[in-house]
Amino acid sequence: MTKNTALLAQLAALVVVIVLIALVPGYFEIFTVMQLTLFASMAVLALSLAFIWGFGGILSFGQTAFFGLGAYAYAVAAINFQDSTPAIACAILVPALFAVALGYFTFYGRISDVYFGVITLTVTLILFNVANSTSGQEYHIGDAQLGGFNGMPAVPTFNAPFDPSTPLYPEQGWYVTAGALVAVYILLRVLLAGRFGRIVVAVKENETRASLLGYDPRLIKLVAFTIGGAIAGLAGALYVNWGAFISPNAFSLSLSAEIIIWVTVGGLGTLIGPVIGAVLIEYIVSSIGSQQVVNANLVLGAVLLFFVLLLRRGLVPSLQLVVVELWHRARRAPRPKAEPSAAATPAGSK
Amino acid sequence: MDIYLILGLNVLNGVASLFLLCVGLAIIFGMMKIVNLAHGEFIMLGAYATVVATNAGVNIWISMLVISPLFVGLVGLVIERFLIRYLYGRLVDSMLATWGLSLLITGIVTTIFGNTIKGVQTPLGGFQVGGYSSSYYNLFIFAMALVVIAIVLVVMRYTRLGLIARATMQNPGMSAALGINPDRVYMLTFAAGAALTGLAGGLIAPVSGITPGMGAAYVAKAFITVVGGGTAILSGSLAASSLFGSIDQIGSYLTTPVYGQVIVFTTAIILIRLLPQGISGRFFKGQL
């Protein structure tokens, strides 16, 4: 396939997706549309980790910190302004600024992957505990009561831009959420195809080499991490819009684990994989929630173990391999020879 | 005056509990470079072992000091054989797999025991200092921390077993050439770390809420302490738990327990920013 036909195929796929999104409210019950809206907001969250981990090599165990901050920022701003337009901006800005601060401490400290994972995990736990401890009248930002463990009920949902008197219907909420998912996906694809995206991947592949070529890995990682934080914050706003409600569970460790599972299951290093993983896993979790036989944690843990130990590539890359294999078999053409790996060269040949 | 005495006791107790909670992790992380995110669940299993055994009529001291470490040590042994040994040298995968393991263990325990379980009473009773009361059990925890320090020190420094373990961690190839099976050393070290964690779980069982999700409350504390302490098992985790334990107790006294934790975690992040190798990487280099 030449470059042009590949681009055309992608554009065609995009058109199909947009048509499907437009068709959803007409074909499904309102309940299903709401559930799909939830899945779409989770998929945006999955994209944030897919980008920073799969392309930036930054494994954040606490992507929920930004998700929760975005959700709370949206809720507080929406209650105070009574308009969702500036609230969405807050939901993106607040987590982005927090990511800058956290990223400064960690990347400029040249902290290793493990320590970074531990720190992000810890930060999420702090936020969870703090959000839980804010019950009582004295904890409020403007008109917004933080509500501690009980969370904030009756958060205003999205309205037409700059027009608080016209709230969006659930169907329109679906268009906005699915539209945001497509927009974030395209944004990341464009970003990754460009110069900045290539530098991000270069830093992930070999930090020393990238810095010898004159790039500052700390800055590149910080910017990538901030973009991830902003996207996760947007996902938080979309989530609040879905439920009109936010509680400290947005910061919970189990949600953090779920994000990692989406990306691992879907396929690290792809963008579409984590989206599929998010929808698939969330569907399974919501099906488990409606019965009492198996515990959701048990299933999630088993799934994560299975993929880490036996299917490390994840679903989408594995499927790609299978398709390529079948394609070559169908054409009865010999497979293109694999690049000779380092292990294949005879020992001592250097 | 009395208040300071009580505060001092609380600080001692906080430091001792923190040390007990993190020493097993320090062994597993410091020696084998395995990031065990299921550490909190090992603590939880230890606490459950004590509670179940005590409720079944076993003497509480036997449940805490014998059954919990034995049970969790065995669990650790099985987990090492079926899971961890495929993950040596794969740092990120070890984090992911042990996180999966932690969810799995939480799920299994929830399935068996439900979301709550009847706890055990705190043994030993209390005493009065002026207008304030404290319990002898806090002093017992402190004594147990001293015992564990002594055991780890003696085993690691003065026995052949400790020598073999330390040598294998430094250079597995060389120790294999000298006739030691590194595979077995890894297995036993992991089990020993798990057993110490089980002991900690048993010891905190009488003084903490016991739920399948309780591990989450400890895993971050334990990790931040181990990371802050650096790779030296004893001096590192001792220094870090003294620092963080005192800050936690004093911060909680001055504000609220939640903000005490916030202060600890913030201190820890700044500490790691300043000393990326941890306290022992700077001050106790090459010590145990």
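The model is predicted, so to speak, from end to end: local features need pLDDT of at least 70, side-chain atom pairs count only at pLDDT 80 or more, and totals for chains, interfaces and linings use all residues. Residues are numbered from 1 along each chain as its sequence is written, while chains are lettered from A and ligands numbered from 1 in the order in which they are written.

**Chain B as a whole**

Chain B has 12 helices and 2 strands, where helices (H or I, at least four residues) and strands (E, at least two) are DSSP runs numbered from the N terminus. Along the sequence these elements follow the pattern α-α-α-α-β-β-α-α-α-α-α-α-α-α. The radius of gyration of chain B is 19 Å, close to the 19 Å that the globule rule gives for 288 residues, so chain B is as compact as a globular protein of that length; the radius is taken over C-alpha atoms, and the rule is 2.2 Å times the number of residues to the power 0.38. Further values for chain B are set out below.

| Property of chain B | Value |
|---|---|
| Span of the C-alpha trace along its principal axes | about 65 × 45 × 35 Å |
| Buried share of the 288 residues | 51% |
| Share of contacts between residues at least 6 apart in sequence that join residues at least 24 apart | 76% |

Here a residue is buried if 20 or more other C-beta atoms lie within 10 Å of its own, exposed if 12 or fewer, and partly exposed in between, with C-beta atoms placed from the backbone. Two residues are in contact if their C-beta atoms, placed in that way, lie within 7 Å.

**Where the chains meet**

In the contact between the chains, 32 residues of chain A touch 32 residues of chain B. The elements of chain A that give two or more residues to this side are helix 5 (113-132), helix 10 (253-266) and helix 12 (296-309), and helix 5 of chain A gives the most, with 12 residues. The residues on this side of chain A divide into 21 nonpolar, 9 polar and 2 charged, where Ala, Val, Leu, Ile, Met, Phe, Trp, Tyr, Cys and Pro count as nonpolar, Asp, Glu, Lys and Arg as charged, and the others, Gly among them, as polar.

**Helix 7 of chain A**

Helix 7 of chain A (residues 195-205) has as its buried residues A:V200, A:V203 and A:K204. Seen down the helix axis, these fall within an arc of 105°, so they line one face of the helix; the arc is that of the directions from the axis to the C-beta atoms. The face turned away from the buried side carries the exposed residues A:R195, A:R198 and A:E205, whereas the cover over the buried residues includes helix 8 (207-212) and helix 9 (217-243) of chain A.

A:G151, in the loop between strand 2 (144-145) and strand 3 of chain A, is by contrast buried, with 22 other C-beta atoms within 10 Å. Leaving aside neighbours within four places in sequence, A:G151 is in contact with A:F245, A:I246, A:S247 and A:P248.
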